[in-house]
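Thanks for coming, everyone. I'd like to walk you through one model today, helix by helix and contact by contact. Here it is.

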Amino acid sequence: MNFRSLLCVPVQHELALAPSAPDGVLGRGLLGTLTARWSLVVTLVVLNALDIWTTHVVLANGGEERNPVMEPVVDEFWHGVLVKMLCLAVVACLLVRCPREIRRVEWALAAVCGWYLVVVAWNVTVIARLV
């Protein structure tokens with residue numbers, strides 16, 4: 001099973017509702033689906049930038065990286081930025097390839113944004129303790 005099949009497999013009741021949903025409502029209709037998806041991508045980009053910045057502040061004040069995936073690359077600021085940009089590029093490619101009717105994409109993006117919000121909030125609390 002590949003990653004695309006997890007997010008992009010159509011569900012019958014979602015496909016039946018999508019064409020009749022009004023445009024302009026977040027997450028419904030063609031315009032709403034595109035707006036919701038790209039709004040979540042922009043949110044994810046902003047949260048990743050905040051994560052990079054707050055992590056840099058934590059490290060500059062004597063803290064340490066606890067994420068085992070990022071730990072080897074955060075010593076050099078631009079390495080961390082590059083890793084985040086590559087991950088965001090993968091997300092954007094998957095987003096473009098998934099049909100607009102698949103609502104799981106918005107839910108997955110919202111969950112990832114929620115996770116990054118928690119990470120950034122944690123970094124801020126660590127900064128408050130260190131400074």
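Start with helix 4, which has 21 residues. From first C-alpha to last, helix 4 reaches 31 Å, close to the 30 Å expected at 1.5 Å a residue. That expected span is 1.5 Å times one less than the number of residues. Helices here are DSSP runs of H or I with at least four residues, strands are runs of E with at least two, and both are numbered from the N terminus.

A word on where this comes from. It is a predicted model, so local features need pLDDT of at least 70 and side-chain atom pairs count only at pLDDT 80 or more, while totals for chains, interfaces and linings use all residues. Residues are numbered from 1 along each chain as its sequence is written, and side-chain values use heavy atoms, with hydrogens and water left out.

Back to helix 4. Which of its residues are buried? They are Gly80, Val81, Lys84, Leu88 and Leu95. Buried means under 20% relative accessible area, exposed means over 50%, and partly exposed is in between, with a 1.4 Å probe and protein chains only. Look down the axis of helix 4: the buried residues fall within an arc of 95°, so they line one face of the helix. The arc is taken from the directions from the helix axis to the C-beta atoms. As background, an α-helix has 3.6 residues a turn, so residues three or four places apart point the same way. On the other side of helix 4, Trp78, Leu86, Val96 and Arg97 are exposed.

Valine 81 has a relative accessible area of 12%, so it counts as buried.

A salt bridge here is a side-chain nitrogen of Lys or Arg within 4 Å of a carboxyl oxygen of Asp or Glu. How many salt bridges does that rule give? Four.

One is aspartate 51 with lysine 84, with the closest N and O atoms 2.6 Å apart. This pair links distant parts of the chain: aspartate 51 is in helix 3, lysine 84 is in helix 4, and 33 residues separate them. Both aspartate 51 and lysine 84 are buried.

Next, arginine 37 and glutamate 106 meet at 2.7 Å, N to O. Again the pair joins distant parts of the chain, arginine 37 in helix 3 and glutamate 106 in helix 5, 69 residues apart. Are these two buried or exposed? Arginine 37 is buried, at 2% relative accessible area. Glutamate 106 is buried too, at 7%. Arg103 joins Arg37 and Glu106 in a network of salt bridges.

Now a contrast. Arginine 66 bridges to glutamate 64 at 3.1 Å between the closest N and O atoms. Here both partners, arginine 66 and glutamate 64, are exposed.

On to helix 5. Its 27 residues should span 39 Å at 1.5 Å a residue, and its end C-alpha atoms are 39 Å apart, which agrees. Its buried residues include Val105, Glu106, Leu109, Cys113 and Tyr116. Valine 105 has a relative accessible area of 5%. From valine 105 to alanine 36 is 69 residues in sequence and 9.8 Å in space, C-alpha to C-alpha.

Valine 105 also takes us into the core. A nonpolar core is a set of buried Ala, Val, Leu, Ile, Met, Phe, Trp, Tyr and Cys residues joined through side-chain atoms within 4.5 Å. The largest one has 13 residues, and Leu44, Leu47, Leu95, Val105, Leu109 and Cys113 touch the most other members. Helix 3, helix 4 and helix 5 each supply at least two residues of this core. Helix 5 gives the largest share, five residues.

Finally, the surface and the whole chain. Tryptophan 53 lies in helix 3, residues 29–60. At 53% relative accessibility, tryptophan 53 counts as exposed. Zooming out, the protein chain has five helices and zero strands. Buried residues make up 31% of its 131 residues.
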